[in-house]
Amino acid sequence: MKDLTEQQAREKIKGMVAQYYHEFKEKKELFKEGDRITYAARVFDEMEMCALTDAMLDFWLTTGRFADQFEKEFAGWIGVKFAHLVNSGSSANLIAFSVLTAPELGNRQIKRGDEVITVACGFPTTVTPILQYGAVPVFVDINIPQYNIDVSKLEGALSKKTKAVMIAHTLGNPFDLSAVKKFCEMHNLWLVEDNCDALGSEYTIDGKTCFTGTWGDIGTSSFYPPHHMTMGEGGCVYTNNPLLNRLILSYRDWGRDCICPSGKDNFCGHRFNGQFGELPDGYDHKYVYSHFGYNLKVTDMQAAIGCEQLKKFPSFIERRRHNWNRLREALMGADDKLILPAAAEHSNPSWFGFLISVRPESGLKRNDVTKYIEEHNVQTRLLFSGNLIKHPCFDEIRGTDAYRVAGTLEITDFVMNNTFWVGVYPGMTDEMIDYMAKVILEAIK
């Protein structure tokens, strides 16, 4: 390559990567009955591999130009002012909660002992940041067939210590945003939308339709391989609030006070002329820490993949909806033995999976049904923790005042014992959906 410019060399390398994809990675065999159907899989082509190669050739490695590009394009697509990449959806939740503990928020700052309303039927890292900080999660029950928070229980969960509501949209199905948002506004509570399983879902309030994740104060997303789009690992935190945006950057980037991007110094022009805390006057602003933060940045290689995934994302959403609708129609005749999922009112979900509950009165047991399905090469999943407070991680705090249950968790326990789900990811064909339906129907006979 000695006679090539650097750009020409890059293009030649990427051309070879594209050829490699088509020869060795591109799926060419059609689905046959009995082939393994996973609940999720990556959907990509040579464009992601070439973008990854481009970032690798930069060898910048940390957050850089591709991250800047993705954050700008993602914010524009989802409809927010500010979006910042992190290294996972769980880290996104950690940052989203951490910023609400900042002293800059005045009397709305969450302090140790303050309460946050959430649910026990979900993924643990929606709740983990609350407990780790020393705040108190207040668990309320959910509903079926939407599998989201039962909004009739909100007032009963409220106390003088309540500062926020932090809940997820379950497998793409939005929770009742109209009721939850009204509740939060009435009581001056923060609303954090864990949008990790619902990217692309839409919800309408008073004739206005927006994506989930943008109705609350902060939204979070995950780009783990099974999710709606992928960077491998990766996540995002987004908001329309300028103060929260500033805090997100601080907590993500070591807790520092400085807003200089990676690799740039004196962005603000005041690097050596400030006075902070009890530090000497003029202490280097790049090493002033206003919060107890982390380093949760994404790499530019991950972001490069995300830039290409975002271009494909609208088609991913439509295929998920198609697959979900086709599977539900195929299973309609089984509603005497199965509870089939239903979209929340006023929503247009971007489905992450297809939830099914086995009716106990049918005489069937969930584990027998899923065992049959798995034996016929269809992958199943439970609704994450089922009931989080029943898990070993709660052994040392069970029965203490580290958390609170408002009312009963009757439906949560029902889900723990009777519910599972299968995938509808965009790489699934009609033949795969039909085979899944066939196997599920066989399992309940």
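Here are a few friendly notes on the aromatic residues of this predicted model.

1. Residues are numbered from 1 along each chain as its sequence is written. In this predicted model, local features need pLDDT of at least 70 and side-chain atom pairs pLDDT 80 or more, while totals for chains, interfaces and linings use all residues, and side-chain values use heavy atoms, with hydrogens and water left out.

2. The structure holds 21 aromatic pairs (Phe, Tyr and six-membered Trp rings with centres within 6.5 Å; planes under 30 degrees apart are stacked, over 60 edge-to-face, the rest tilted). Y20 and F24 make a tilted pair, because their ring centres are 5.2 Å apart and their planes stand at 45°. Y20 and F24 are four residues apart in helix α1 (residues 6–25), so about one helical turn separates them (helices are DSSP runs of H or I, at least four residues, numbered from the N terminus).

3. Y20 is partly exposed at 39% relative accessibility, whereas F24 is exposed at 56% (buried is under 20% relative accessible area, exposed over 50%, partly exposed in between, with a 1.4 Å probe and protein chains only).

4. F394 and Y403 pair edge-to-face, 5.1 Å centre to centre with 80° between the planes. Both F394 and Y403 are buried.

5. Do look at the cluster that ring pairs build from F70, F74, W77, F211, F223, Y238, F313 and F316.

6. Two arginines lie over ring faces: R108 is 3.7 Å from the ring centre of W190, and R112 is 4.5 Å from that of Y133 (the cut-offs are NZ of Lys or CZ of Arg within 6 Å of the ring centre and within 35 degrees of the ring normal).

Key
Helix = DSSP H or I, 4+ residues; strand = E, 2+ residues; numbered from the N terminus.
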